[in-house]
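Let's take a walk through a protein model together.

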Amino acid sequence: MNFIRNTIAVIVGLGIAGLIITLGIRAFPQWVNFDAFAPFEHWQRFLQSKQNDGAFFGFLLFISGLGTTVGGVATAIIVKYAKVAYAILIGFIMLFIAMLDVIVFPYHPTFYKISIFLTFFPFSWIGGKIVEIIYERKKKRRIAEKMNKS
C-alpha cells in the first residue's frame, strides 16, 4: 500500500510543479505567443522566440524553483516515511526533465544551463524540510501535551 501511496505522491508533486511552471509562464501576457494553455506543446518555437531574453530565463529558474518547492511539499505531505527523500526525488526528476530540455533545444543561455543544477535539488530539499519540521513540531507538541496531562 505504501508503494501506491508513494507513487501517487510523486505524480501529484510533479503535476503541481508542472502546473506552477505553466501558470508562471502564462503570468506575463507579453511572453505568450501561443494559443494553447500549456506552452510545452509549442516549446521549441516558444524558446526560439525567447532565445535572447535573459529576464525570461531568470524568471523560468525562479518559477521552476518555486514549483519544485511546492511539489516537494505536496509529495512530502502525502508520503508516510522518508519525506525529504521523496521531495528530493521530485527535484531529481525535474532536473532530469530540464537537462533533457537543454540537450534537445539549443536556445537556452549558458547561465540557465548552469543554474538548473543549483535550483532543483536545493528547492526540493527545502520543500521536504518544511514538511519535516512541521511534522516534528506537531509530534513534540503531542508528546508535551501527553506529559502535561499525566
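Of the 150 residues in the protein, 39% are buried, where buried means under 20% relative accessible area, exposed means over 50%, and partly exposed is in between (1.4 Å probe, protein chains only). Before going on, know that this is a predicted model, in which local features need pLDDT of at least 70, side-chain atom pairs count only at pLDDT 80 or more, and totals for chains, interfaces and linings use all residues. Residues are numbered from 1 along each chain as its sequence is written, and side-chain values use heavy atoms, leaving out hydrogens and water.

How many helices and strands are there in the protein? You'll find five helices and zero strands, so the pattern along the sequence reads α-α-α-α-α. Here helices (H or I, at least four residues) and strands (E, at least two) are DSSP runs, numbered from the N terminus. Taken along the principal axes, the C-alpha atoms fill a box of roughly 65 × 30 × 25 Å. Now think about contacts, meaning heavy atoms within 4.5 Å. Among contacts between residues at least 6 apart in sequence, 65% join residues at least 24 apart.

Next, look at the inside. A nonpolar core is a set of buried Ala, Val, Leu, Ile, Met, Phe, Trp, Tyr and Cys residues joined through side-chain atoms within 4.5 Å. The largest one has 25 residues, and those with the most contacts inside it are I25, W43, L47, F56, L60, Y112 and I116. Two or more residues each come from α1 (2–26), α2 (43–49), α3, α4 (83–104) and α5. Which element gives the most to this core? That's α3, with six residues.

Zoom in on W43. Not counting residues up to four places away in sequence, W43 touches I25, L60, D101 and F105. Follow that last one: F105 is found in the loop between α4 and α5. Is F105 buried or exposed? F105 has a relative accessible area of 17%, so it counts as buried. Leaving aside its neighbours within four places in sequence, F105 is in contact with W43, Q44 and L47. F105 and F123, by the way, are 18 residues apart in sequence and 24 Å apart in space, C-alpha to C-alpha.

Now for how the helices pack. Axes are lines fitted to C-alpha atoms, for helices over the stretch in contact, and angles run from 0 to 180 degrees between N-to-C directions. Angles under 35 degrees count as roughly parallel, over 145 as roughly antiparallel, 65 to 115 as roughly perpendicular and the rest as oblique.

Start with α1 and α4, whose axes come within 10 Å and cross at roughly 50°. The two are therefore oblique to each other. α1 passes α4 in a right-handed crossing; a crossing is right-handed if the near helix is turned clockwise from the far one by less than a right angle, and left-handed if anticlockwise. On the α1 side, N6, V10, G13, L14, A17 and I21 meet Y86, L89, I90, I93 and M94 in α4. By class, this contact has nine nonpolar, two polar and no charged residues. For these classes, Ala, Val, Leu, Ile, Met, Phe, Trp, Tyr, Cys and Pro count as nonpolar, Asp, Glu, Lys and Arg as charged, and the others, Gly among them, as polar.

Move on to α3 and α4, which pack at an angle of about 140° with their axes 8 Å apart. That makes this pair oblique, therefore, too, and their crossing is right-handed. The contact uses T68, G71, G72, T75, A76 and I77 of α3, together with K83, Y86, A87, I90, G91 and M94 of α4. Those residues divide into six nonpolar, five polar and one charged. In the loop between α3 and α4 you'll spot A82. A82 has a positive phi of about 55° although it is not a glycine, and A82 is partly exposed, with a relative accessible area of 45%.

Finally, helix α3 (residues 54–78) packs against helix α5 (residues 110–149) at an angle of about 30°, with their axes 7 Å apart. α3 and α5 are therefore roughly parallel to each other. Their contact has 15 nonpolar, twelve polar and no charged residues. Helix α5 is also the place of E132, which is partly exposed at a relative accessible area of 29%. E132 and T69 are 63 residues apart in sequence, yet 13 Å apart in space, C-alpha to C-alpha.
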